[in-house]
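Open the model in your viewer and keep the selection tool at hand. This tour tells you what to pick next and what you will find there.

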Amino acid sequence: MGPTIYDIARVANVSKSTVSRVLNNKDNISEESRNRVLKAIEELNYQPNKLARALTSSGFDAILVMSRSTKTTAGNTFFSEIIHSISTRSEEENFDVIIQTSKNSKDELKKCIEKIRGKMIKGILMLSSPANEEFFKELDNYEIPVVVIGRVEDNYRNVYSVDTDNFNDSYQLVQYLIDQGHTDIACLHSSLDYHVSIDRLEGYKKCLVDNGIPLRSDRIIDSGYTMERAYETSESLLKSKDLPTAIFAIDDLKVIGLYNTTTKLGLTIPNDISIIGYNNGIFSPLFSPPLTGIEIPVMRLGEIATDLLFKHIKNQTEKTEHIIVPTNLIERKSVAKLN
């Protein structure tokens with residue numbers, strides 16, 4: 001059994017309550033007593049019990065990372081990469097990370113509130129931004145900082161956002177295709193219950209309209225969130241007798257589905273079909289030819305979001321912050337120039 005606060009009090013020749021005040025960073029203690037306690041802690045190699053401290057002080061030093069359900073995150077490298085970034089930054093702050101998935105938004109909110117009331121967490125990171133913001137309105141009442149990786153439409157007291165400019169990035173990608181001579185452009189998008197999917201699809205639509213190109217419902221295809229669904233929609237589109245000249249894919253799963261399906265069907269990129277879209281950088285070296293598109297700075301998003309959360313946990317910022325992380329269109333070899 002390791003040393004206890006009673007052992008520290010004995011070695012430092014102070015009361016148990018003095019040791020407790022030092023461990024909990026209280027101010028009402030003399031510098032001499034604090035130094036004696038710290039010296040005793042070092043001599044005894046004392047490791048505080050997190051559970052005991054949480055039950056007797058301000059709660060656990062932990063943050064909650066809220067993901068979508070496992071059904072929608074399976075195979076999506078964005079989530080694994082960003083969780084790695086968040087965990088690395090949290091470790092530097094000596095905070096634990098609790099990862100929560102849920103069956104639905106009601107279940108998610110219930111679990112979240114239970115953790116807040118139980119003083120299990122001091123902040124929340126959400127890895128996606130639902131279009132229905134009732135969730136944010138509920139959480140805002142609990143006076144705990146919430147940082148969302150994604151767009152937040154309304155203004156809240158305790159909810160902040162870190163995102164890329166999905167609407168303008170999509171507009172830029174589609175404009176690039178048009179500048180290369182493409183006017184028949186299909187879009188493989190995700191279901192429209194998150195802001196990111198809505199914004200990327202709207203950027204596609206607005207660019208076509210601004211260039212006088214009619215919108216076609218058969219060219220706007222919901223490809224869901226799973227790899228299986230991405231393969232299904234890719235194969236259905238690429239087997240069509242009315243093949244578009246280019247396809248805009250709004251995330252990694254769609255890009256992977258398209259590249260693998262073209263190989264399966266004996267099509268070549270960009271000779272038979274041009275592809276442009278988003279990716280998280282992990283699969284870039286595997287794409288042949290290399291993808292023209294926008295690489296999402298996943299690690300950077302995680303670092304900025306976690307830093308922002310800790311600033312609010314420590315009350316080091318008073319601003320309501322909505323941060324946009326810049327991106328760049330990288331021109332490679334997956335788009336053909338039409339005459």
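Select strand β10 (residues 292–295) and strand β12 (329–330). They pair in the antiparallel sense over two bridges. Two strands count as paired if DSSP finds at least two bridges between them. Helices (H or I, at least four residues) and strands (E, at least two) are DSSP runs, numbered from the N terminus. Now click Ile294: opposite Ile294 stands Leu329 in β12.

A word on what you are viewing: this is a predicted model, in which local features need pLDDT of at least 70 and side-chain atom pairs count only at pLDDT 80 or more, while totals for chains, interfaces and linings use all residues. Residues are numbered from 1 along each chain as its sequence is written, and side-chain values use heavy atoms, with hydrogens and water left out.

**The mixed sheet**

Which order do its six strands take? The order is β7-β6-β8-β9-β10-β12, in an open sheet with mixed pairing. Look at the edges, where you find β7 (220–222) and β12. Each has a single partner strand, so one side of each is left without a neighbour in the sheet.

Helix α10 (residues 195–210) touches β6 (185–189), β7, β8 (246–249) and β9 (274–279). Contact here means heavy atoms within 4.5 Å. The direction of α10 makes about 165° with that of β6. Axes are lines fitted to C-alpha atoms, for helices over the stretch in contact, and angles run from 0 to 180 degrees between N-to-C directions. Then show helix α12 (residues 252–265), which touches β6, β8 and β9. Its direction makes about 150° with that of β9.

**Two cis bonds**

Most peptide bonds are trans. Here are two that are cis. Go to the loop between α12 and β9 and find Pro270. A cis peptide bond joins Ile269 and Pro270, with omega about 5°. Now move to the loop between β9 and β10, where Pro289 lies. The bond from Ser288 to Pro289 is cis, with omega near 0°.

**The parallel sheet**

Select the other six-stranded sheet. It is open, its order is β2-β1-β3-β4-β5-β11, and its pairing is parallel. At the edges stand β2 (96–100) and β11 (322–324). Each has a single partner strand, so one side of each lacks a neighbour in the sheet. Neighbouring strands of this sheet are turned by 20° against each other on average, direction ignored.

Pick out β4 (residues 146–149) and β5 (residues 159–163). They pair in the parallel sense over four bridges. Ile149 stands opposite Val162 in β5.

Now show two helices. Helix α7 (residues 105–117) lies across β1 (62–66), β2 and β3 (123–126), and runs at about 155° to β2. Helix α13 (residues 298–313) lies across β1, β3, β4, β5 and β11, and runs at about 160° to β5.

Select helix α1 (residues 5–12) and helix α2 (residues 16–23). Their axes come within 8 Å and cross at roughly 110°. They are therefore roughly perpendicular to each other. (Angles under 35 degrees count as roughly parallel, over 145 as roughly antiparallel, 65 to 115 as roughly perpendicular and the rest as oblique.) Ile5, Tyr6, Ile8 and Ala9 of α1 meet Lys16, Val19 and Leu23 of α2.

Is Tyr6 buried or exposed? At 55% relative accessibility, Tyr6 counts as exposed. (Buried means under 20% relative accessible area, exposed over 50%, partly exposed in between, with a 1.4 Å probe and protein chains only.)

Asp7, Ile8, Val11 and Ala12 of α1 make the contact with Arg36, Val37, Ala40, Ile41, Glu43 and Leu44 of α3.

**Two positive phi values**

Most residues other than glycine have a negative phi. Click Asn13, in the loop between α1 and α2. Its phi is near 60°, a positive value. Asn13 is exposed, with a relative accessible area of 64%.

Last stop: Asn315, in the loop between α13 and β11. Asn315 has a positive phi of about 55°. At 67% relative accessibility, Asn315 counts as exposed.
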